[in-house]
Amino acid sequence: MAAMRYRLTFVAGVVLGYVLGTKAGRERYEQMKRSAQQLAQNPAVRNTAETAAQQGRDFADKAYHAVSDKVGDRMPDSVAQRVHALRERTAHGAAEDDWGTSNT
């Protein structure tokens with residue numbers, strides 16, 4: 001009987017905590033969501049994020065060319081052809097990748 005009372009008290013506490021937590025939690029979630037949206041719309045944050053993304057793309061491009069230059073002649077022909085095709089596409093400024101998404 002004591003075990004049943006303990007379980008019932010525990011379940012009631014969990015239910016009460018859940019109900020009270022979800023009410024306060026939703027309010028706090030909405031507040032954090034609004035703050036994040038305001039931060040994301042800040043021009044300084046947007047400029048910084050775009051600059052970082054562009055620097056990352058530039059670095060990745062340099063690393064890609066450095067690696068492919070060093071190992072290009074030791075790759076199987078099928079891989080070398082793929083690398084050559086990627087270089088050509090990159091040199092011509094293709095706006096989409098293999099999945100049809102933008103590189104920006």
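Predicted model: local features only at pLDDT ≥ 70, side-chain atom pairs only at ≥ 80, totals over all residues.
Trainee: Which helix has the highest confidence, and which the lowest?

Mentor: pLDDT is the predictor's confidence in each residue, from 0 to 100. Helix α2 is highest with a mean of 85, and helix α3 (residues 77-91) is lowest with 73. The chain averages 76, and 78% of the residues score at least 70.

Trainee: How many helices and strands are there, and what makes a run count as one?

Mentor: The chain has three helices and zero strands.

Trainee: How do you know what span is expected of helix α2?

Mentor: Take 1.5 Å times one less than its number of residues. Helix α2 (residues 43-71) has 29 residues, and its first and last C-alpha atoms are 42 Å apart, close to the expected 42 Å.

Trainee: Why is the pairing of R57 and E50 called a salt bridge?

Mentor: The term asks for a side-chain nitrogen of Lys or Arg within 4 Å of a carboxyl oxygen of Asp or Glu. R57 and E50 meet at 3.0 Å, N to O, so the pair qualifies. By this rule the count comes to one salt bridge. As background, side chains of opposite charge can pair when their charged atoms come close.

Trainee: Why is Y18 called exposed, but R57 partly exposed?

Mentor: Buried means under 20% relative accessible area, exposed over 50%, and partly exposed in between (1.4 Å probe, protein chains only). Y18, in helix α1 (residues 2-41), has 59%, so it is exposed. R57 has 27%, so R57 is partly exposed. E50, at 42%, is partly exposed too. Of the 104 residues of the chain, 3% count as buried.

Trainee: And what makes the nonpolar surface patch?

Mentor: Y6, F10, V11, V14, V15, Y18 and V19 make a patch of about 740 Å². Patch residues have over 30% relative accessible area and no salt bridge; nonpolar side chains (Val, Leu, Ile, Met, Phe, Trp, Tyr) are joined within 5 Å, like charges within 9 Å. At 59%, Y18 passes the area cut-off.

Key: Residues numbered from 1 in each chain as written. Heavy atoms only, no water. Areas by Shrake-Rupley, 256 points an atom, 1.4 Å probe, with all protein chains shown as cover. Helix = DSSP H or I, 4+ residues; strand = E, 2+ residues; numbered from the N terminus.
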